[in-house]
Every structure is written in structure tokens, then in C-alpha cells.
Amino acid sequence: MSNVFEIRPAVREQVPVMVGLMGASGSGKTFSALRIATGIQRVTGGEICVIDTESRRSLHYADDFRFMHMQFDAPFGPLRYLEAIKAAYAAGARTIVVDSMSHEHEGPGGVLEMHEQEVQRLGGQERHNFPAWAKPKAERRQMINGILQVNCNFVFCFRAKEKTKPGNEGGRKVLIEQGYMPIAGEEFVFEMTMNCLLLPGSAGVPQWQSSYPGERAMMKLPRQFERVMADGRQLDEDIGQQLAEWARGRPPITPEESERLDQLEARGAEAAEMGEEAKAKWWASISKADQHALKARRAVRRIAA
């Protein structure tokens, strides 16, 4: 075994995008996931595949988006999820939507059912409750590690429901409201690049502030996306594109910057109508940074086409 350790300047390299969408029924998870995936595809290319555990619900949007579809039925053990993801990748998917990931936790054959089966196998006593977590937790960790090895971008949909947990207030036991919590293992939710909470009726607009401790713990908005994800902004294709561009090493741009580039492009189109000389003069008049940004935009559009 070598004892030589390489130390070099830190440079952010391409990383996968993993977006978590947490929400109750009717919050817009599936539609938002497809919009984000379409935006990611603009940058990365490849196919979008939806792994559908929700009775083919994603097919409701087949006229609005182009994607491959995989119906995924029980059992919903962690390693079967990993097999489904690898199959989607082998079929050409480079952006995978899993709708829903919650079945891995509480669906037939999921982690909670696996735990109960282990309790019974070990003897069915209360003292067997803790050791019975060893097998399902190990399979979940194997799933997580396997997903992280797939060179792909992901959007995971998690069902959410209102929860409470025991607490202590003034020396007496109380139930503390946690708000809407994802039906999932926390260790998996924490792996996401960004976690969005979609409340009922939100129409795909994430909630980024909450008075509930559980909701605050589950939300995740990285600093580099704070200006991109302004309050009240609906999840859309441009956000997916921004996430993918950041993952490739480009800093995300704000809506204001995107609008400024739109105006630059419009002036360039006007110059082009006046002839090649006017177009060349306009191009020379803008900064090198703006030239690079506009070239990147064109490259993305070529991929999207």
C-alpha cells in the first residue's frame, strides 16, 4: 500500500445533480420534476427516464414532455430501486426521475417492511427491534452508494405528510409539530444537491422558510442557488438548466442576468438584419465575458434541439 498522498489545489469538477422534491398529493411534484429534468437535458443531452411507482401517473404528461417510461411495481426494496436505475441508465437515460422514492421506505417490500420481517425472524421480541435494522439499513446504504456511482442526474420525488414527534416543554411531555416531512430515510434525503418543499396547492412553487423545525431541517437550498431560487419562483426548465450548468463548473446566473443576456441577443439579432459588417461590429462591442456567455447559450440550444 502506498503512503504517498497527492495534494493539489481544489478545483470544482463536474458533479451529478440530485434534486429532491418533497410534497403532499397535489403539490405539483411530477410536473415540476419533468420540467427540471427537461432543463437539465438541455445541458447534458441524453434521454430522460421516469421510474414510475405511482400507477403510471407520469404518463399524464406524455404530451407535454419527451421522456422514456419505466413502470416499477412492488417489491420496493432498496436494491430493486438500484437495479431499476441501472437499467434506465443502460437504456440511454442521463437524467432519471424517480416518482416516487417514498415506496423504498414504506411501500410493499420497502425498508419498514423489511425491518418488521427481520424482527419476526429474530424472535419477534421488543429487544429484537434495534438489531433488526441492520439488514434494511445496509441495503439502503448499498443503494445510496450505487446511485452515487451512476454518472447521471436525478430528480427524486418524495411523498410528504404532516408529522409530530414527542418532546418536552416545561417539564411535561408534549407532541411537537414537525410540519410536512418526506416519507423517506433521512440519510438518503440528505444526499440531495437541493431539497424543495412543495406544500399542497403550491403549483410547483417551493417553500423556503418555515416555523416548523422538521420542515426547516429537510429543506436544502445551497448558497450558490439562493438568488436563482427567489421566493415565489416556480420550478421550471431554466432552473434545471442552471443546476446542470453549475454541475459542469459554470456559476448559476440570476433571473436579472438572464434577462440582460436576452436583451443582448435581441440587439445582436437587430444588427444581423443590417448585414455581416454591422453584426461583426456589434460582436466586437460587447465584453469577452458576454461573448462567452452567449456562445454557451447557443451550445446549450444546439444540444436541446
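A polar contact is taken here as a pair of N or O atoms within 3.5 Å, where, within protein, one atom must be able to donate a hydrogen and the other to accept it, and where residues adjacent in sequence count only if both atoms are side-chain atoms. The structure is a predicted model, in which local features need pLDDT of at least 70 and side-chain atom pairs count only at pLDDT 80 or more, whereas totals for chains, interfaces and linings use all residues. Residues are numbered from 1 along each chain as its sequence is written, and side-chain values use heavy atoms, with hydrogens and water left out.

Asn195 is placed in strand E7, with helices (H or I, at least four residues) and strands (E, at least two) being DSSP runs numbered from the N terminus. Asn195 counts as buried, at 1% relative accessibility; buried means under 20% relative accessible area, exposed over 50% and partly exposed in between, with a 1.4 Å probe and protein chains only. When neighbours within four places in sequence are left aside, Asn195 is in contact (heavy atoms within 4.5 Å) with Gly20, Met22, Val189, Trp208, Met218, Met219 and Lys220.

In overall terms, the protein chain holds 11 helices and seven strands, and its C-alpha trace spans about 85 × 50 × 50 Å along the principal axes. Of the 305 residues in the protein chain, 46% are buried. Among contacts with a separation of 6 or more, 64% are accounted for by residues 24 or more positions apart.

A nonpolar core is defined as a set of buried Ala, Val, Leu, Ile, Met, Phe, Trp, Tyr and Cys residues joined through side-chain atoms within 4.5 Å. The largest such core has 35 residues, of which Ile51, Ile96, Ile147, Phe154, Phe156 and Phe188 touch the most other members. Two or more residues are given to this core by each of strand E1 (18–23), E2, helix H2 (78–90), strand E4 (93–99), helix H5 (134–148), strand E5 (153–169), strand E6 (172–182) and helix H6 (186–189), and H2 gives the most, with five residues. Ile51, with neighbours within four places in sequence left aside, is in contact with Met70, Phe72, Ala84, Ile85, Ala88, Ile96, Val97, Val98 and Asp99. Apart from this core lies another, of 28 residues, including Val19, Val97, Val155 and Met194.

The structure holds 10 aromatic pairs, for which rings of Phe, Tyr and Trp (its six-membered ring) must have centres within 6.5 Å, with planes under 30 degrees apart counted as stacked, over 60 as edge-to-face and the rest as tilted. One of these pairs, formed by Phe31 and Tyr61, is tilted, at 5.5 Å centre to centre and 50° between the planes. The pair links distant parts of the chain, 30 residues apart, with Phe31 in helix H1 (residues 29–44) and Tyr61 in the loop between strand E2 (47–52) and strand E3 (68–71). Phe31 is partly exposed, with a relative accessible area of 32%, and Tyr61 is likewise partly exposed, at 24%. Phe154 and Phe156 form a stacked pair, 5.3 Å centre to centre with 10° between the planes; Phe154 is buried at 1% relative accessibility, and Phe156 is buried at 0%. Ring pairs join Phe154, Phe156, Phe158 and Phe188 into a cluster.

Helix H8 (residues 237–247) is largely enclosed by the rest of the structure, because 10 of its 11 residues are buried. At the start of H8, a side-chain oxygen of Asp236 comes to within 3.2 Å of the backbone nitrogen of Asp238, while just after H8 a positive phi of about 110° is taken by Gly249.

In the loop between strand E7 (194–198) and helix H7 (213–218) is found Gly201, which is exposed, with a relative accessible area of 65%. Gly201 touches Gly26 and Ser27, residues up to four places away in sequence not being counted, and the C-alpha atoms of Gly201 and Gly28, 173 residues apart along the chain, are separated by 7.7 Å.
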